Amino acid sequence: MKIFEEKKFSVGELKGLSRKSVEEHVKLYGGYVKHSNLILQKIKELSEDSEKNAYALSEVQRRFGFEYNGMRNHEVYFESLSGGATSLTEESILKSVIESEWGSFDGWLAHFKTIAMTRGVGWAMLYWDRKDGRLLNAWIDEQHLGQLQDCTLILGLDMWEHSFVFDYQPSGKKQYIEDFFVNLNWSKIEENLKSAK
Ligand SMILES: [Fe+2]
């Protein structure tokens, strides 16, 4: 059976987020990879007698989206914090697409930060909509609830409390969002857009 490989990330010193916090968070990511593989294995085993295992089979099948999307979301998140912070250049394709969708980069950024402040745990997302060739902002509750079909994740900001409370406390959510954009390697996001198009 093919298995999903746990990726390694080169996250260096970050503003606001400690090394310990990032290490613990990467371990959570590892759990998503492990459970994505485990579920596929369990489905294979249970399918050997699908009638007898019908209930168990449907329960593990139901969990797959949670684990798989958790794995992929975290890969985009940690990759975007890897390699050191870089800015969007004036020639950036992503910048011009953002400007054509939202009028200005700052207008988009303000909107995205508002989404990230949504109450509850979840993700603030920027997607490339392959059907209509445009960018979309979205809030995703848990990773399996609300992902946009046929859209590629370009930028994902983890707003589950495990991603920031160790360093910021629950009341520091807003500062975590601000620091995320200080720490962001925009060249990775640019690459994500280029490969999605
Ligand atoms: Fe997370």
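**View 1. Lys-20, Glu-24 and Lys-27 form a salt-bridge network.** The model shown here is predicted. Across the structure there are 14 salt bridges. Side chains with opposite charges can pair when their charged atoms come close. The next views show individual pairs.

**View 2. Glu-13 pairs with Arg-19.** The two side chains meet in a salt bridge, with an N to O distance of 3.2 Å. Glu-13 is exposed, at 69% relative accessible area. Arg-19 is partly exposed, at 47%.

**View 3. Glu-59 and Arg-62 pair within helix H2.** Their closest N and O atoms lie 2.7 Å apart. Helix H2 covers residues 54-80. Glu-59 is partly exposed, with 31% relative accessibility. Arg-62 is exposed, with a relative accessible area of 58%.

**View 4. Glu-79 forms a salt bridge with Lys-188.** The closest N and O atoms are 2.6 Å apart. This pair links distant parts of the chain, 109 residues apart. Glu-79 belongs to helix H2, while Lys-188 belongs to helix H7, residues 186-196. Lys-188 has a relative accessible area of 19%. Buried means under 20%, so Lys-188 counts as buried.

Conventions
Residues numbered from 1 in each chain as written. Predicted model: local features only at pLDDT ≥ 70, side-chain atom pairs only at ≥ 80, totals over all residues. Heavy atoms only, no water. Salt bridge = Lys/Arg side-chain N within 4 Å of Asp/Glu carboxyl O. Buried < 20%, exposed > 50% of the residue type's maximum accessible area, 1.4 Å probe, protein only. Helix = DSSP H or I, 4+ residues; strand = E, 2+ residues; numbered from the N terminus.
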